Amino acid sequence: MVSQIRFLMCAPDHYDVDYVINPWMEGNIHKSSRDRAVEQWNKLYNVIKDHAIVDLVAPEKGWPDMVFSANAGLVLGENVVLSRFLHKERQGEEPYFQQWFAENGFNVYTLPKDLPFEGAGDALLDREGRWLWAGYGFRSELDSHPFLAKWLDIEVISLRLMDERFYHLDTCFCPLANGYLLYYPGAFDSYSNRVIEMRVAPEKRIAIMEADAVNFACNAVNVDSIVIMNKASDGLKSRLAEVGFQVIETPLTEFLKAGGAAKCLTLRVTEPVREELHANISVESRVVRMEGHLLDAGLINRALDLIVEMGGSFQVLKFNLGEQRQSTSAAEVRVSAPSHDVMEEIISQLIDLGAVDLPQDERDSKLEPVLQAGVAPDDFYVSTIYPTEVRVNGQWLKVENQRMDGAIAISQTSNGIVAKCKLLRDLEIGEQVVVDVLGIRTVRKAESREQRNSQEFSFMSSGVSSERRVELVVEQVAWELRKIKDSGGKVVVTAGPVVIHTGGGEHLSRLIREGYVQGLLGGNAIAVHDMEQNILGTSLGVDMKRGVAVRGGHRHHLKVINTVRRFGSIAKAVEAGAVRGGVMYECVKNNIPFSLAGSIRDDGPLPDTQMNLILAQQEYSQIIQGADMILMLSSMLHSIGVGNMTPAGVKMVCVDINPAVVTKLSDRGSIESVGVVTDVGLFLSLLLQQLDKLTSPYVANVG
């Protein structure tokens with residue numbers, strides 16, 4: 001019995017691979033056999049005619065891809081949304097398909113001219129009529145989905161395509177009768193896969209392997225219990241048979257050369273409407289504004305790439321380019337996302353780049369109360385290293401104690417409303433916390449090109465390289481250290497025990513002694529091995545001068561710990577003459593504050609080592625306040641911890657032989673950080689040599 005389902009097809013009279021607009025066309029230009037293509041198309045046509053009704057649209061010369069009628073438009077009931085092809089090679093098909101729809105009694109809707117949407121290639125109805133699956137990422141824009149929901153009065157579920165081989169939704173996704181779904185998960189991002197799993201029960205999902213996917217098994221035509229496709233593995237045919245489907249294979253290899261198969265060659269034009277269901281769209285759009293040196297600083301490119309990488313879409317509404325080299329540019333960008341959650345993630349990242357959500361100019365931040373001490377409300381805004389302002393009661397407030405990975409707490413004080421970055425554990429009942437991303441902006445200083453070029457430190461911005469000339473980096477760090485010292489600034493060093501093991505202890509000691517260091521952060525080990533070297537001449541039991549292990553040397557660090565514990569503190573051991581040199585000695589003698597954060601690995605520990613993690617974090621935070629530069633010397637965990645609590649504007653230099661460590665610090669996103677992959681002992685030695693050469697032109701210009 002022939003179903004009353006109708007399909008629209010277009011004969012391949014003018015079919016060929018004339019150009020490349022998808023990966024399948026690569027290498028196949030004019031390599032398709034017209035005779036074989038006609039033969040394969042006719043077989044598909046006859047198979048479908050055995051089970052359904054087929055209408056034909058006349059092929060037109062000059063439009064070889066018109067054979068792929070699935071892209072003519074999207075039909076639901078008597079309404080059709082006409083395709084807006086992305087590539088000019090197919091845009092000429094639009095008036096011919098529009099004419100056919102009009103002549104056959106459909107109400108035709110046309111999208112704005114520059115809004116790509118490629119019909120039923122990227123929009124597939126659930127076979128039970130509950131919703132519309134709509135793809136985006138390659139040929140169709142996310143912003144087309146609200147139009148589909150409105151015009152067709154149906155819920156639209158947006159899915160992001162990630163694999164360029166599966167450039168249309170129908171190449172990797174096929175809703176089947178009775179609520180089943182045939183699909184290739186590898187074609188989608190993780191968010192879309194979660195959406196699919198939430199909508200389709202496990203027993204109804206038929207996920208295929210790549211081998212079937214590249215044969216376009218998902219590009220199938222479903223008529224009741226029949227599934228017509230190019231080719232399927234025995235395993236896939238068995239799985240479909242188990243749930244009541246019969247697979248009919250009909251070779252379509254000539255059309256695969258252009259990136260299409262059975263579904264691409266057909267458009268279902270009888271799609272029943274479920275009157276009890278109505279439009280619903282989760283796509284959310286907002287307009288953001290960016291100002292500054294958007295082009296030469298690369299901000300606009302970073303913002304647009306970020307939107308796409310995170311699953312959104314964009315449209316640049318306005319772009320005013322600065323006319324002079326001192327001028328700043330301004331842009332307004334409409335951002336679209338498939339859901340509110342994804343939009344929040346995108347906007348929070350754009351805020352980090354200095355973007356302002358335009359409605360925020362008139363809307364306050366969303367606040368929710370702290371109901372349990374040390375616990376933030378759901379969806380709280382996670383703070384960053386960048387100076388931030390929040391809008392409360394119509395006023396923009398600067399957030400105090402800026403740091404990353406905190407919450408923004410709002411409280412009423414005698415001096416008015418105060419906004420502070422706080423760690424989750426420090427939140428108190430009675431405070432309110434900023435949630436969502438409304439009413440938040442980061443403050444970015446717009447520097448001119450001349451200002452950026454005059455900052456000699458800026459050449460290292462956000463760089464990590466093991467090939468960069470270490471001498472050149474050292475020269476710039478030395479210049480910056482001298483400048484900070486001469487201006488009464490503050491440098492904090494985070495150091496690991498490798499500094500001592502590599503012979504860098506004497507160099508770090510000299511930096512402290514000569515006034516280049518105003519704070520030291522580390523763990524139990526840096527202090528133990530520093531004092532071991534200066535009391536016993538070894539580090540981890542190795543003679544530092546000869547480079548050989550000393551008999552019984554493995555006990556040396558414990559003897560040093562015991563000695564210091566006998567005196568009660570490092571300072572008292574120094575005062576008593578038990579410690580007569582080294583890093584810790586110089587800290588004590590020069591009144592340089594230090595904090596040693598303990599861990600489960602620590603022997604002893606030293607009496608100065610803070611074994612309470614929370615108190616150690618507080619001590620670290622106090623010491624880095626007001627820092628102009630932080631030198632991070634071969635201490636991954638301590639350096640990452642310090643990086644997280646350091647606001648933007650503080651120059652950071654991370655030196656480690658392990659590239660992964662410096663990459664981790666660079667990933668914070670600060671434009672004033674640099675990673676140097678080298679031996680830390682060598683770095684410190686070269687740094688002191690360079691400092692000795694400086695006559696400090698900075699000082700000569702003072703006054």
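**View 1. Glu368 and the negative surface patch in the predicted model**. Glu368 has a relative accessible area of 34% and is therefore partly exposed, and this residue lies in strand β21, which covers residues 366-369. Together with Asp341, Glu345, Asp378 and Asp379, Glu368 forms a negative surface patch.

**View 2. The salt bridge between Arg160 and Asp189**. The structure holds 35 salt bridges, and in one of them Arg160 pairs with Asp189, with the closest N and O atoms 3.6 Å apart. The pair links distant parts of the chain, 29 residues apart, since Arg160 belongs to strand β8 (residues 155-160) while Asp189 sits in the loop between β10 (181-183) and α5 (190-199). Arg160 counts as buried because its relative accessibility is 10%, and Asp189 counts as buried at 12%.

**View 3. The salt bridge between Glu271 and Arg268**. The closest N and O atoms of Glu271 and Arg268 are 3.6 Å apart. Glu271 is buried, at 9% relative accessibility, and Arg268 is buried as well, with a relative accessible area of 17%.

**View 4. The salt bridge between Lys422 and Glu428**. The side chains of Lys422 and Glu428 meet at 4.0 Å, N to O; Lys422 is buried, with a relative accessible area of 15%, whereas Glu428 counts as partly exposed at 47% relative accessibility.

View 5. Leaving aside neighbours within four places in sequence, His557 is in contact with Val528, His529, Glu532 and Asp603.

Conventions
Residues are numbered from 1 along each chain as its sequence is written. This is a predicted model: local features need pLDDT of at least 70, side-chain atom pairs count only at pLDDT 80 or more; totals for chains, interfaces and linings use all residues. Side-chain values use heavy atoms; hydrogens and water are left out. Contact means heavy atoms within 4.5 Å. Patches are made of residues with over 30% relative accessible area and no salt bridge: like charges are joined within 9 Å, nonpolar side chains (Val, Leu, Ile, Met, Phe, Trp, Tyr) within 5 Å. Accessible areas come from the Shrake-Rupley method with a 1.4 Å probe; for residues, only the protein chains shown count as cover. Lys and Arg count as positive and Asp and Glu as negative; His and the chain ends are not counted. The place of a charge is taken as NZ of Lys, CZ of Arg, CG of Asp or CD of Glu. Helices (H or I, at least four residues) and strands (E, at least two) are DSSP runs, numbered from the N terminus. Buried means under 20% relative accessible area, exposed over 50%, partly exposed in between (1.4 Å probe, protein chains only).
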